[in-house]
Amino acid sequence: DPSGPQIQFASESFMDELALAANADPVEYRLRYLKEPSGARAAAVIKAAADKAGWKTGPAGARRTQNGDISTGQGIAYAIHTANDPYPTQVAIVADVEVNKSTGRVWVRRVTVAHDCGLIVNPDALRRCIEGNVVQGISRTIWEEVNFTPENVASVDWVSYPILDVMDAPEVVDIVLLGSQSAKASGAGESTMRPMSAAINNAVFEATGIRFRRAPLSPSRIKAGIA
């Protein structure tokens, strides 16, 4: 999804900052400003993701727990894909994260995706596609970064360019499929990728009270932010 995660990382993180300034629940705040022609569908995916994830209503901090060095939080993000399509794909994601303040490790323990791409031809394949987007999206959010020396690219292997491995994979990926069998199929290949990093970033803010404005949310960056 070229440019999609970057744009959504900024815009949906800022939506959470606006909700914080308004002392509002992040879900309710998003619903407050949805407009037609796609507002009803957007509201449906946001509500479905929040309901399935067991969202605890309240302003920033309401979904935070603390146990020693481990903090947990929930974050939500919403995105529209293929915006010029008359029936664009709509996705909302709730991420449940665990942050180790001592090591800086972010573990996305659970991801809840509500997905509306219109006509669904093959539900099983759609779920697999969404799961693949979730895994790659988490990897891009917490690990993947190309580094350079003055002369060369320094990220040349899986040690210098780490990706998500099984130890960092989520325990649960819950998927709620919405849509209309009478509508046009608007696509699912990239849609879940778009709001993934913002959902994680908002969950990390909920867990730590610190707003990060640059990805990846690597251990070194998390520890530096906490410090």
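This is a predicted model: local features need pLDDT of at least 70, side-chain atom pairs count only at pLDDT 80 or more; totals for chains, interfaces and linings use all residues.
## Nonpolar cores

The largest nonpolar core of the model comprises 30 residues, and those touching the most other members are Val97, Val111, Ile138, Ile200 and Val204. At least two residues of this core are supplied by each of four elements: strand S3 (89-100), strand S4 (106-116), helix H4 (123-142) and helix H5 (193-208). Helix H5 provides the largest share, with 7 residues. A further core of 15 residues lies apart from this one, and its members include Val45, Ala50, Tyr78 and Val176.

The surroundings of valine 97 can be described residue by residue. When neighbours within four places in sequence are left aside, valine 97 is in contact with Ser71, Thr72 and Gly73, with the run Val106, Trp107, Val108 and Arg109, and with Ile200, Ala203, Val204 and Ala207. Two of these partners, Ile200 and Val204, are themselves listed with valine 97 among the core residues that touch the most other members.

## A nonpolar surface patch

Nonpolar side chains also occur on the surface, where Val146, Phe148, Val153 and Val156 form a patch. Together these four residues have about 410 Å² of accessible area. Valine 156 belongs to the loop between H4 and strand S5 (172-178). Its relative accessible area is 65%, and because the threshold for exposure is over 50%, valine 156 is classed as exposed.

## Arginine 194 in helix H5

Helix H5 also contains arginine 194. This residue counts as buried, because its relative accessibility of 17% falls under the 20% limit.

Two polar approaches of the arginine 194 side chain are present. With the side chain of aspartate 1, arginine 194 makes a polar contact of 2.8 Å. A polar atom of the arginine 194 side chain also lies 3.4 Å from the backbone oxygen of isoleucine 80. Not counting residues up to four places away in sequence, arginine 194 touches Asp1, Gly4, Pro5 and Gln8, together with Ala79, Ile80 and His81.

Isoleucine 120 is located in the loop between S4 and H4. With a relative accessible area of 16%, isoleucine 120 is buried. Beyond its neighbours within four places in sequence, the contacts of isoleucine 120 are Leu126, Leu177, Leu178 and Gln181. The C-alpha atom of isoleucine 120 is separated by 7.4 Å from that of glycine 179, although the two residues are 59 residues apart along the chain.

## Backbone geometry

Most residues other than glycine have a negative phi, and most peptide bonds are trans.

Serine 3, which is not a glycine, has a positive phi of about 75°. This residue is placed in the segment before helix H1 (4-21), and serine 3 is partly exposed at a relative accessible area of 38%. Asparagine 23 likewise has a positive phi, near 55°. Asparagine 23 is situated in the loop between H1 and helix H2 (26-32), and its relative accessibility of 59% makes asparagine 23 exposed.

The peptide bond from alanine 215 to proline 216 is cis, and its omega is near 5°. Proline 216 is part of the loop between H5 and helix H6 (219-226).

Methods
Residues are numbered from 1 along each chain as its sequence is written. Side-chain values use heavy atoms; hydrogens and water are left out. A nonpolar core is a set of buried Ala, Val, Leu, Ile, Met, Phe, Trp, Tyr and Cys residues joined through side-chain atoms within 4.5 Å. Buried means under 20% relative accessible area, exposed over 50%, partly exposed in between (1.4 Å probe, protein chains only). Contact means heavy atoms within 4.5 Å. Patches are made of residues with over 30% relative accessible area and no salt bridge: like charges are joined within 9 Å, nonpolar side chains (Val, Leu, Ile, Met, Phe, Trp, Tyr) within 5 Å. Accessible areas come from the Shrake-Rupley method with a 1.4 Å probe; for residues, only the protein chains shown count as cover. A polar contact is a pair of N or O atoms within 3.5 Å; within protein, one must be able to donate a hydrogen and the other to accept it, and residues adjacent in sequence count only if both atoms are side-chain atoms.
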